[in-house]
Amino acid sequence: MSPALEVRDASFKYGERSVLDNATLTVGRGEMVALLGANGAGKTTLLRLASGVSAPFSGEVLLFGRRLGDMRRREVARAVAVMPQDSAIPPGWSVEEVVGLSRTPHIGLLRGESAADRRAVAEALAVTGLDAFVGRGFDSLSGGERQMALVALAIAQETDLLLLDEPTAHLDLRRRADVLDAVQDLNERRGVAVLAAMHDPILAALYFDRIVLLAEGRVLADGPPGETLTEPLLEKVYNARVRVLHDDELGVPLATVLPRRAHLGTGKNATAAGQAAHRRRSESNPHT
Amino acid sequence: MTASDVQADPAGRARGAFDARLGISRRPRSSLVFGGLGLLSVASVLVAAALGSAPIALRDEVLILLHTLGPLDMARSWSEADEAILLQLRLPRVLGAYLVGAALGGAGALMQGVFRNPLADPYVLGSSAGAGLGAVVAMSLSMRGAFLGFGPVPLFAFLGALGAVLLVYSLARVGWRTPTTHLLLAGVAVGSFLGSLMSLVILLGPAVEARLRSVFAWLLGGIALSGWTELRVLAPALVVGLVAAWALARPLDALALGEAEASGLGVPVERAKLAVIVVAALLTGLAVSISGLVGFVGLVVPHAVRLVIGPAHRKLLPASALGGGAFLVLVDLLGRTVIAPNEIPVGLTTALLGGPFFLVLLRRRRRYEL
């Protein structure tokens with residue numbers, strides 16, 4: 001069976017500036033893949049190519065085995081859903097109306113909504129815990145609730161591939177988990193394949209099967225979190241000091257960036273955690 | 001005050017605040033709104049056709065209409081003068097006003113939807129200046145002749161409106177895209193350019209002195225029809241235009257999310273934008289051809305309707321058309337009766353009445369941000 005998404009040797013330029021350079025990437029059916037890279041590494045561009053919003057200068061994109069360039073816009077929209085960024089939706093739209101926009105590719109121009117459309121919207125609202133917000137104005141929601149509503153919108157589109165561009169941006173810790181839990185739930189229940197551009201390597205490790213590292217428009221590494229979230233690779237990707245920790249219970253590498261002046265475990269410039277560890281060590285061994 | 005009152009009160013207040021803040025769940029049922037707008041439309045047409053310098057009794061009016069429309073062959077209990085006034089003068093004018101208002105209401109909703117801009121109105125892409133230039137040229141050249149029952153002034157106004165919008169669209173195009181900011185800016189530029197050309201023609205054109213009054217009257221707007229002739233073409237054309245507008249409702253809804261997002265929902269964005277602009281330009285051009293420059297209807301009516309029925313275009317577009325029609329009929333009625341036998345141009349009355357009316361609506365619903 002052909003994979004959900006294949007990007008083959010895709011290149012893209014904005015004017016003279018090359019943003020993607022022969023990038024190749026596959027997302028299998030039912031797979032959850034995270035895209036990591038510095039700002040400007042080409043994550044958003046890659047997602048735009050995958051959803052057909054932009055076309056590659058060279059190379060090709062296949063959705064479920066079909067060339068995206070040969071598909072009609074409506075067919076693309078029935079195959080792949082893109083979670084919108086928090087877009088400036090004009091006031092007056094209710095939560096369920098916004099989520100209902102997801103059904104656009106399924107409804108004929110002069111047709112009304114079918115029972116299937118209403119069921120898809122109701123289900124997406126229930127999965128994201130937004131059923132309590134029915135009848136409320138979209139612009140009256142908090143940032144986190146809006147983000148959930150946009151996840152619901154992508155869910156209700158009922159596609160087999162879901163593209164997310166930094167779905168947890170601007171959210172508090174709890175909301176980040178809420179959004180990714182809803183996505184994971186969708187992945188497990190309906191086998192929806194997911195490709196998400198992520199900034200947080202810890203969440204990427206916790207939720208995704210595979211990590212693709214992008215640097216300057218090229219795929220630097222592609223594999224399970226244990227192989228890709230390593231200090232040398234991440235330092236290369238972000239051009240920063242990175243520390244990877246291991247938690248035996250979680251079983252995935254937890255990566256974080258380090259302060260430029262951090263002297264691990266010692267001195268006043270150490271991280272708070274490092275200082276605490278240092279203190280504990282000196283207390284247990286007063287002779288050093 | 002008992003303890004339970006204290007407890008109940010904040011909850012009650014909180015709920016009140018909840019409602020005022022959110023409003024949306026208190027939208028009336030749409031069947032109620034459309035029923036009301038339909039009734040208002042019929043009633044406004046009947047009343048406006050009955051009233052005027054020679055009023056006709058409502059009973060006679062209904063009988064005349066039944067007699068003319070229906071298979072019933074009734075004994076004449078009304079004067080022939082009443083019948084002639086109603087059928088040859090008032091009804092065409094009132095229905096003309098209704099169609100103009102409906103077209104402008106629909107076109108305004110289309111433009112506000114495609115630009116996602118509350119200041120957009122049917123004239124935002126220069127159609128008013130184009131129509132004005134066309135009309136003034138036709139007047140100052142004292143043209144004669146007719147096409148499909150339309151004289152030179154309506155014809156040139158229609159062509160001017162359409163031409164201006166197509167010019168704006170082609171100027172705003174960048175490669176295969178037409179960004180909405182380019183469209184709006186090109187609309188402003190072309191609008192003021194054509195407006196200046198129009199002023200030049202008024203100032204320097206032949207036979208200006210004699211025509212200044214009719215030029216001015218046209219620019220202020222007023223329903224000008226010769227009986228049923230123009231309506232035979234206009235009515236079906238406007239109905240087709242409004243149905244076409246309705247078919248664009250879902251793409252317009254999706255565009256509320258943004259253009260890239262609409263594209264992700266399967267909407268061919270550039271084609272949809274062009275279709276919306278062309279349909280709106282046709283509706284506007286047809287309207288101004290018989291009404292001159294009637295302002296404000298296309299700006300205010302969609303906003304007022306949106307406050308009541310919400311922003312989804314499948315409801316907003318037809319409701320704006322019905323509301324715009326009824327509104328213009330009533331405004332035109334006022335304009336021709338309050339200082340009879342003189343008439344206030346309908347374009348003036350729309351702004352005189354519509355402005356305050358809209359401000360009241362706006363202040364009652366502070367939550368609604370334009």
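Predicted model: local features only at pLDDT ≥ 70, side-chain atom pairs only at ≥ 80, totals over all residues.

Student: Why are helix 2 of chain B and helix 14 of chain B called roughly parallel?

Tutor: The axes of helix 2 (residues 30-50) and helix 14 (residues 313-337) of chain B cross at roughly 25° and come within 9 Å. Angles under 35 degrees count as roughly parallel, and the two helices are therefore described in that way. Their crossing is left-handed.

Student: What makes the contact between these two helices?

Tutor: Helix 2 of chain B contributes residues including B:F34, B:L37 and B:V45, while helix 14 of chain B contributes, among others, B:L322, B:V329 and B:L333. The residues of this contact comprise 12 nonpolar, 6 polar and 2 charged.

Student: How do you know that chain B touches chain A?

Tutor: Two residues are in contact if their C-beta atoms lie within 7 Å; by that criterion, 27 residues of chain B meet 26 residues of chain A. Helix 1 (3-22), helix 10 (249-255) and helix 11 (259-264) of chain B each supply at least two residues of that side. Helix 11 gives the most, with 4 residues. The side of chain B that touches chain A divides into 13 nonpolar, 7 polar and 7 charged residues.

Student: What makes a residue of chain A count as buried, and what percentage of the chain does so?

Tutor: A residue is buried if 20 or more other C-beta atoms lie within 10 Å of its own. In chain A, 43% of the 288 residues are buried. Chain A has 10 helices and 12 strands.

Key:
Residues numbered from 1 in each chain as written. Chains lettered and ligands numbered in written order. Axes fitted to C-alpha atoms, helices over the stretch in contact; angles between N-to-C directions. Parallel < 35°, antiparallel > 145°, perpendicular 65-115°, else oblique. Left-handed = near helix turned anticlockwise from the far one by under 90°. Nonpolar A, V, L, I, M, F, W, Y, C, P; charged D, E, K, R; others polar. Buried ≥ 20, exposed ≤ 12 C-beta atoms within 10 Å, placed from the backbone.
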